[in-house]
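Reader: I would like to learn how to read strands, ring pairs and helix packing from a model. Please take one feature at a time.

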Amino acid sequence: MDFSVTDELAAHRDAARQWVVDNVRPAWVEEQYRTGVHQTMELHRLLARDGILGAGWPAAHGGTEVVPEFARALHSEISRFGLAADGWSTTLMVINTINEVGTESQKREYIGGALRGEILIALGYTEPESGSDVAAAKTTAVRNEAGWLINGQKLFTSTAQCCSHVFVLARTNPGVPKHRGLSLFLVRTDDPGFDLRPIHTLGGQQTCATYYSDVQVPDSALIGGVDEGWRVMKVALVHERGSDNLEFVETRVSSDLARWARGPRDSDGTTPLDDPLVAERIGRMAVEEEVARLLALQVRATSERGEPPAVEGAMAKLFRTEAAQRHHSDALDILGADGILAPGAPGAPDAGLFEAGFRSAVVETIRGGSSEILREIIAERRLGLPRTRPRQ
């Protein structure tokens, strides 16, 4: 595998930067931090208007003529600007899943609507009593003459307050082992019986608890077959971790910290970077950030060969998020007391982003599959080790 080309987006970088200059407002960054909602709908509508969302998709499903390389460069520049698009990330995962397991009418409706910016999809997997064991879901979907009646509750349904739909995992057959009686539905957030409540997290993001009280959905909202939800969800999780790394923009804690360390001078004229222990720790960060970048490129190469990056995505996500925790912890240690100053606090290094990054890094090792689950995937599917838990 050849990774000698270090910036395959270079040809599109200038145009992407100009698009950001022309369209992106700095106030959106502050708004995302203040509200904890990591999705700016005004920006999303602009991306849909210019065909960016439809880049690389077939015209039959709403794709545009925008080249994927430009779209990737633009998403990279937007992320570097400091803006997140979590709602689009989960939507991209779901429509990739629909593209693989959905019907033609579902592809036209949901993929086409998403690429036009009309549909945004949150994930409804986790429940209050199940945590990472999503197969223990108690939310039910019962068939009736109009389709399906859904009742239950989901936690950590991030960006649901912005979304038009939630991808809900529900139990359709309580009489079989838990993995075999599940189905996945797209539930509209404006349907009668749907409600949500905001939850503020350690990482600063505002997620949601979502509630389903006799929510009626049609048969066309069922994605995959009845009781096929676990199979469909495994496809979705591969796309979730794969998309997460395909859109990965390397976080350069090392360069930000090195810039700070060159600045403050002690009474003897030395800087923090003159301390060999500080320089060594920053150098180790830079090495691990490069490893994370290469693992993300491996995910991309696997996807471009038409292979599902199940193990590659798990490896990349595990290494990147755990490295980010180490890096931010080291950064706060190097910064000392000033490192815990939050964004907006006078004198906060790098405008307080080290402190905010530390809190966010804690959450990232859980979202999209906890580190423990990812280690199981790697152990079983790459190393060939036996399962630690019996199949159910």
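Reader: Which residues of strand β1 are buried, and on which side does each one lie?

Author: First, the source. This is a predicted model, in which local features need pLDDT of at least 70 and side-chain atom pairs count only at pLDDT 80 or more, while totals for chains, interfaces and linings use all residues. Residues are numbered from 1 along each chain as its sequence is written, and side-chain values use heavy atoms, with hydrogens and water left out.

Author: In a regular strand the side chains alternate between the two faces of the sheet. In β1 (residues 121–124), I121 and L123 lie on one side and A122 and G124 on the other, and all are buried. Buried means under 20% relative accessible area, exposed over 50%, and partly exposed in between, with a 1.4 Å probe and protein chains only. Strands (E, at least two residues) and helices (H or I, at least four) are DSSP runs numbered from the N terminus.

Reader: In which sense do β1 and β4 pair?

Author: Two strands pair if DSSP finds at least two bridges between them. β1 and β4 (residues 165–171) pair in the parallel sense over 4 bridges, with I121 opposite H165 of β4.

Reader: How many aromatic pairs does a search of the whole structure find?

Author: Rings of Phe, Tyr and Trp (its six-membered ring) pair if their centres lie within 6.5 Å; planes under 30 degrees apart count as stacked, over 60 as edge-to-face and the rest as tilted. The search finds 3 pairs. One of them, Y125 with F167, is tilted, at 6.4 Å centre to centre and 55 degrees between the planes. Y125 lies in the loop between β1 and β2 (140–144) and F167 in β4, so this pair ties together parts 42 residues apart in sequence. Y125 is buried at 7% relative accessibility, and F167 is buried at 0%.

Reader: At what angle do helices α8 and α9 cross?

Author: Two packed helices are described by the angle between their axes and the distance between the axes. Axes are lines fitted to C-alpha atoms, for helices over the stretch in contact, and angles run from 0 to 180 degrees between N-to-C directions. The axes of α8 (residues 253–261) and α9 (residues 276–304) cross at roughly 155 degrees and come within 8 Å. The two helices are therefore roughly antiparallel (under 35 degrees is roughly parallel, over 145 roughly antiparallel, 65 to 115 roughly perpendicular, the rest oblique).

Reader: What is the angle between α8 and α10?

Author: α8 and α10 (residues 310–335) pack at about 10 degrees, with axes 10 Å apart. That makes α8 roughly parallel to α10.
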